[in-house]
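Subject: Structure handover

Hello,

Here is the structure you asked for. Please open it first, then read the notes below.

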Amino acid sequence: MQEVLKGRWESLGDLPDIPFLIDSVTRRALRLDATRSVLLTYGPDYQESTDRSFSKAWRRIFLVDPERAEFFENLRLAGALWTYGETDTQDRVQFFAEYLWHADTALHNAALIEIGRAPYKLVRPIGDTSTTRQILRDFNDLNRFPYRSVAIRLLGLQTDPQARSIVKARFADVLASGDLHSYEWALAGIEADEEAAINAIGLALQDRQRTSVDRQPLIRALAEAGESQARFKPQIIQIFSEALGMDSDLALQIAIATRQWGSTQLNQQFEALLARADTDPATQFALNLALGTGVATD
């Protein structure tokens, strides 16, 4: 073991030995150059069919070359300034944005994963670090499908006519028939058409032909849009109020979506739902949380 990038040296004694025969690629590389380094992690070993962890194991991530070594050194230096325990900060997002279109696929992928998991309000400021051509190259490559949600997120932040045309067309399709990436396309649609897109999502939420599962990503997109652009909050709260009036089954999702907003405008409807005997325990819990975080507003 040459260096511990995350964790403590003392913890290594509690872990199983790193298997010598990790894989053929690693064995061949080390045979050719015994001084090369390999990035390994120890953690959950996921089953692809269920995405559940049944055991832990050592996993080879990639061989370390000079560029990757430089990346780790830059990460170490930058990470020292990040608030301990916080993974979602603007400086962290900005750091990985610099590697979004790196020629090394491993670093490119690492950056996409970080940008994909970061709160949307932190991603909006880095929209100009990508071009539509770069994003579409990833988006149109079927081998890059696991990263498509991030590509959509970034495409929505582009303002050129090509990107806007694609986003508006896909957004309309999502509202008409749904999509695996409904949440991302809804957010992108709001970037492109702002209030008009928000109103369109509001109408979709009132469509009783849609299941609660179908509407969940739309509610999430509205919540993220309001969180990242406060000017949309009054319109979104009104839409949530109308949706609650049409279908109380949406209360759980709306309560979760707005509980950090500090608004009391939905409190009367939340309280009425709490008073109903047929409100399920999970919804009651979410409503109580939402009411507990509300503060008076003028």
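A charge counts as sitting over a ring if NZ of Lys or CZ of Arg is within 6 Å of the ring centre and within 35 degrees of the ring normal. Arg148 lies over the face of Phe139, 4.5 Å from the ring centre. Arg220 does likewise with Tyr183, at 3.6 Å from the ring centre.

This is a predicted model: local features need pLDDT of at least 70, side-chain atom pairs count only at pLDDT 80 or more, and totals for chains, interfaces and linings use all residues. Numbering runs from 1 along each chain as its sequence is written, and side-chain values use heavy atoms, without hydrogens or water.

Next, the aromatic pairs. Rings of Phe, Tyr and Trp (its six-membered ring) pair if their centres lie within 6.5 Å; planes under 30 degrees apart are stacked, over 60 edge-to-face, the rest tilted. The whole structure holds eight such pairs. One of them, Phe71 with Phe95, is tilted: 6.0 Å centre to centre, 35° between the planes. Phe71 is in helix H2 (residues 66–79) and Phe95 in helix H3 (residues 90–97), 24 residues apart. Helices are DSSP runs (H or I, at least four residues), numbered from the N terminus.

Buried means under 20% relative accessible area, exposed over 50%, partly exposed in between (1.4 Å probe, protein chains only). Phe71 is buried at 5%, and Phe95 at 11%. Ring pairs join Phe71, Phe72, Phe95, Phe96 and Tyr99 into a cluster.

Last, helix H7 (residues 148–155). Seven of its eight residues are buried, Arg148 among them.

Best wishes

Notes. Helices (H or I, at least four residues) and strands (E, at least two) are DSSP runs, numbered from the N terminus.
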